[in-house]
Amino acid sequence: MDLKVVCALAITLLIALSTLAEGIAPPTKCQCKLVPRERTNCGYPGISAVECKKIGCCFNASVPGVPWCYNPRAKKVKKVCPNEPYTRINCGHPGIKARECQKKGCCFRAHPAGVPWCFYHRVMEEAC
Ligand SMILES: *[C@@H]1O[C@H](CO)[C@@H](O)[C@H](O)[C@H]1NC(C)=O
């Protein structure tokens, strides 16, 4: 395997692992950006900011009358077909047809020559 493929595999693996670890990882700023009326309570009343964050919740005490310790929104991810042809990770076999490739849930682009035409998606975290 050449280095590019190894790198692409490593990146994909890291993304997969970080997705698995989602429940443990602290929420990002983006995930805590909720309008106050959409907040759902996390933790107990009077919880401190430190305790709140420790259990994986968001804390913001700037608005009275709404939960200050609240659940983060789910991480939004989207599947994209990478544009860079030389980092494609093969999902098919030489000569695979578009239909067969799509059945496997992979991306298909019949160009350029010398790279896989049926290749895996990449999972991207969506910006807020
Ligand atoms: C706290 O929430 C308010 C209202 O949504 C927002 O304007 C403010 O930027 C938030 N503060 C922090 C530190 O996120």
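Helices (H or I, at least four residues) and strands (E, at least two) are DSSP runs, numbered from the N terminus. This is a predicted model, in which local features need pLDDT of at least 70 and side-chain atom pairs count only at pLDDT 80 or more, while totals for chains, interfaces and linings use all residues. Residues are numbered from 1 along each chain as its sequence is written, and side-chain values use heavy atoms, with hydrogens and water left out.

**View 1. The overall layout of the protein has three helices and six strands.** Starting at the N terminus, the elements follow the order α-α-β-β-β-α-β-β-β. Of the 128 residues, 20% count as buried; here buried means under 20% relative accessible area, exposed over 50%, and partly exposed in between (1.4 Å probe, protein chains only).

**View 2. Six residues surround the ligand: Leu-34, Pro-36, Arg-39, Asn-60, Ser-62 and Val-63.** Sorted by class, the shell holds three nonpolar, two polar and one charged residues. For that sorting, Ala, Val, Leu, Ile, Met, Phe, Trp, Tyr, Cys and Pro count as nonpolar, Asp, Glu, Lys and Arg as charged, and the others, Gly among them, as polar.

View 3. An N or O atom in the side chain of Arg-39 is 3.4 Å from a ligand oxygen, and for a polar side-chain atom of Ser-62 the distance to a ligand oxygen is 3.3 Å. On its own the ligand has 360 Å² of accessible area, and the protein covers 34% of it; such areas come from the Shrake-Rupley method with a 1.4 Å probe, and for residues only the protein chains shown count as cover.

**View 4. Arg-39 sits in the loop between H1 and H2.** This arginine is buried yet has no salt bridge, and the nearest side chain of opposite charge, Glu-38, is 9.0 Å away. Lys and Arg count as positive and Asp and Glu as negative, with His and the chain ends not counted. A salt bridge is a side-chain nitrogen of Lys or Arg within 4 Å of a carboxyl oxygen of Asp or Glu.

**View 5. Arg-88 is found in the loop between strand E3 (77–80) and helix H3 (98–103).** Arg-88 is also buried without a salt bridge, Glu-84 being the nearest side chain of opposite charge at 7.7 Å. A polar atom of the Arg-88 side chain lies 3.1 Å from the backbone oxygen of His-111. Have a look at His-111 itself, too: its peptide bond to Pro-112 is cis, with omega near -15 degrees. Most peptide bonds are trans. Pro-112 belongs to the loop between strand E4 (107–108) and strand E5 (118–119).

**View 6. Two salt bridges turn up in a search of the whole structure.** In one of them, the side chains of Lys-54 and Glu-51 meet at 3.2 Å, N to O. Both residues lie in helix H2, three residues apart, about one turn of the helix. Lys-54 counts as exposed at 62% relative accessibility, whereas Glu-51 is partly exposed at 32%. Glu-125 forms a salt bridge with Lys-75, with the closest N and O atoms 3.8 Å apart. Glu-125 lies in strand E6 (residues 122–125) and Lys-75 in the loop between strand E2 (69–70) and E3, so the pair ties together parts that are 50 residues apart in sequence. Lys-75 is partly exposed, with a relative accessible area of 23%.

**View 7. Gln-31 and Ala-74 are 43 residues apart along the chain, with their C-alpha atoms separated by 6.9 Å.** Gln-31 lies in the loop between H1 and H2 and is buried, at 8% relative accessible area. Asn-41 is in the loop between helix H1 (3–20) and helix H2 (49–54), and its C-alpha is 7.7 Å from that of Trp-68, 27 residues apart in sequence.

Key:
A residue is near a molecule or strand if one of its heavy atoms lies within 4 Å of it. A polar contact is a pair of N or O atoms within 3.5 Å; within protein, one must be able to donate a hydrogen and the other to accept it, and residues adjacent in sequence count only if both atoms are side-chain atoms.
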